[in-house]
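Welcome, and thank you for taking a look at this structure with us. Please have the sequence and the 3D view open as you read.

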Amino acid sequence: MAAPGGNTTKIKVGWAVLFVVTLVYALFPVFSILMTSFKTPGDLASNTLLPASFTWQNYEEIFVGGAQTLFLSALVNSIGITLIATAIAVVLATLCAYAVARFDFPGKKVILASALAVSIFPVISVVTPLFNLWRTIGLYDTWIGLIIPYLSLTLPLSIWTLSAFFRQIPWELEAAAQVDGATQWQAFRKAIVPLAAPGVFTTAILAFFIAWNDFVYGISLTSTEAARPVPAALAFFTGASQFEEPAGAISAAAIVVTVPVVILVVLFQRQIVSGLTQGAVKG
Amino acid sequence: MASIELKNLVKKYADGYPAVNDVSIDIEDGEFVILVGPSGCGKSTLLRMIVGLEDITEGDLLIDGERVNDVAPRQRDLSMVFQNYALYPHLTVFENIAFPLRLQKGRFSKKEVTDKVNGVSEMLELNEHLKRRPGNLSGGQRQRVAMGRAIVREAKAFLFDEPLSNLDAKLRGQMRTQISQLQRRLGTTSVYVTHDQVEAMTLGDRVAVLKKGELQQIASPRELYEQPANLFVAGFIGAPSMNFLPCTVTDGRLSTPVGDFDIPEGHQRAGEGKDIVLAGIRPEFFEDAETLEGSKRDRGSLLEVEISHTEWLGNEQYVYVHYEMDKRVEDTLQSLAEDMDADETRPELVISVSPESKLRGGDRATIWVDVSRIHLFDPATGENLTHDPEAGAELTRRAADERRRDAERAKERTEAAAQS
Ligand SMILES: Nc1ncnc2c1ncn2[C@@H]1O[C@H](COP(=O)(O)OP(=O)(O)OP(=O)(O)O)[C@@H](O)[C@H]1O
Ligand SMILES: [Mg+2]
């Protein structure tokens, strides 16, 4: 008994070490930026990790100070555009994936393949023609002008993850519910939706991240505060005076835009749990 | 409580394949009918047509005399246990069972729902699992939850699609008894799909045998066993399967590859003039002449055979005898084996003898055969030439009487229990 016991302990320790290393690797940059956001302008060049003295100066700068107009409007743009793009993507992808998973129809493979094909083209190769087109038809520097390209990023991914997820749903439950006395709509709502919800939430969060983090479209297809999202706006930050580096304010802004993402994940963590379909059918 | 009538039901799927072809069955109120047949013969399809999950291509389905072809499943008021249970994984056991009750908005108060679910869970011994989710239950427990969900509603009829197929042998035996008692107590019309012989024979008031979507015979288990209508039913019912020996009837005697013997007059007439017939002899129609009781001896004939090997199973013993296969029936027997999902046929006679019998492989032995129970089949059409419909119907009538008596007894018992 001692040998296997020792073995599992070793394995546990191994996993723990790996876990810590990964965590540090992933979180160190975030921590570094967080610390930078608390530094005073003079402190920025100091090359130390921790600030010499903590200050809220950078946050004041972006929320009430000189960078306020730039940052706050960008924040509103980012939130608005990303939420709309995510919502549209998830609704469309859910309908599409439902059809793909549920029905046999000609052209099913074509839909999935073309969804994949769309996402193959690098953003940078699409953005120049798009820039010209948007200028011509008047979508340049508008919310819609960003929502459409964001959909081209989020839709393929959403369709693929959702149809993979929907294929695992035991659709027989719908039949069972109907026999139990449910209408077609009740059967869908009471037996299928609760099982599909985690997949839809997960997809929504992934789609949100993609749109939220976009930089190339954001910087290329906007020119003013009318539509410019946060990642693009950061590039336009200037220091309080032209001799100051904007690194402090940029760090503060970066932290601020990270917060909604963290909140989202924490909030929907329960919904993302997988394996909820387990036990529906035998075997 | 309801009668169900299937009238010439046909189901053609999109690819045109008739999964169910011209099936007619009258199911009486309170009757327990079994559907059996090899895999893919259309049992599940038929059940799904009854419950309304599958459109009916042709024919009529009547519940309590009313045509329900185009009625939605929820309005047919039938309940079903699915081949793979189909439990709601996001709901607790309690909520799974309560699901059908909650759908009938306003019909049951909260307390009534709780009472009904508790009653059912008591009966199925699920009380301690009510708060758990299906994912954490064992196969047998899930099966009982599926049963609970089906019976909580007092539907017009219960439909079961191989509910026990995934359980181990012991649990299957227990559940079989439970289902049988439950059905007798509630007296609810039931249709039960299985391909387990034992379930079919023990549970059913009547058993319908299907082959490739077509109804072969519907009768009480006894009638199927004693008076099979054709070669397929004869081979499918009974384990081990019936032996089919190629033979001819000449001068009132049956000449078979393992010896000749006298047969009753009716059999002689049935087989006369045929080039070749198949004699259907069940393994249990044979006996070792050594261990035979004297009184039986006169009813049968004796055969001299050479034994190839034996199998002793404790409570029974099988003796195998090789014979020459006749080329003229080889194809018939081969396609029969394929229809039944069995392995290839070997020209081998299976004989059931008493476990005390001392016969061993290589011995020459005298075997007794009960000639009165032999059936003769036409190899070309598969028809049973010695089929006695009257005798068969009598067996089924007796089974029906038995069921009615059982139901009355069960009713008296519940009334007595209610009074005390
Ligand atoms: N959706 C479908 N489309 C086309 N053919 C189907 C469909 N469902 C079943 N079939 C065909 O119908 C026939 C009967 O199928 P069914 O499921 O009723 O068989 P079964 O008797 O229940 O078999 P098993 O014992 O394996 O459950 C099979 O030949 C099958 O291939
Ligand atoms: Mg089936």
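## Before you start

This is a predicted model, in which local features need pLDDT of at least 70 and side-chain atom pairs count only at pLDDT 80 or more, while totals for chains, interfaces and linings use all residues. Residues are numbered from 1 along each chain as its sequence is written, chains are lettered from A and ligands numbered from 1 in the order in which they are written, and side-chain values use heavy atoms, with hydrogens and water left out.

## The magnesium site

Let us begin with the magnesium ion (ligand 2), which is coordinated by OG of Ser44(B) and OE1 of Gln83(B) at 1.9 to 2.8 Å. Donors here are N, O and S atoms within 2.8 Å of the metal (3.2 Å for Na, K and Ca), and sites may look incomplete because water is not among the atoms. Ser44(B) sits in helix H1 (residues 43-51) of chain B, and Gln83(B) in the loop between strand S6 (78-81) and helix H3 (93-103) of chain B, so the pair ties together parts 39 residues apart in sequence. Helices (H or I, at least four residues) and strands (E, at least two) are DSSP runs, numbered from the N terminus.

Buried means under 20% relative accessible area, exposed over 50%, and partly exposed in between (1.4 Å probe, protein chains only).

## Where chains A and B meet

The contact (heavy atoms within 4.5 Å) takes 24 residues from chain A and 30 residues from chain B. Between them the two chains bury about 2,300 Å², with 60% of it on carbon and sulfur atoms; this buried area is the accessible area (1.4 Å probe) that two parts lose on being put together, summed over both.

Across this interface the rule finds 1 salt bridge, meaning a side-chain nitrogen of Lys or Arg within 4 Å of a carboxyl oxygen of Asp or Glu. The side chains involved belong to Asp180(A) and Arg149(B), at 3.5 Å from N to O. On the side of chain A that touches chain B, the elements giving two or more residues are helix H7 (172-179) and helix H8 (184-213) of chain A. H7(A) gives the most, with 7 residues.

## Salt bridges within chain B

Over all chains, the count comes to 32 salt bridges. One of them joins Asp196(B) and Arg172(B), whose closest N and O atoms are 3.0 Å apart. Asp196(B) is in the loop between strand S8 (189-193) and helix H7 (197-203) of chain B, and Arg172(B) is in helix H6 (residues 169-186) of chain B, so this pair ties together parts 24 residues apart in sequence.

Another links Glu306(B) to Arg364(B), with closest N and O atoms 3.6 Å apart. Glu306(B) belongs to strand S16 (residues 301-306) of chain B and Arg364(B) to strand S20 (residues 364-369) of chain B, 58 residues apart. Glu306(B) is partly exposed at 48%, whereas Arg364(B) is exposed at 54%.

## A residue in strand S19

Finally, look for Glu348(B) in strand S19 (residues 348-353) of chain B. Glu348(B) is buried, at 14% relative accessibility. Not counting residues up to four places away in sequence, Glu348(B) touches several residues, including Asn243(B), Ser308(B) and Tyr320(B).
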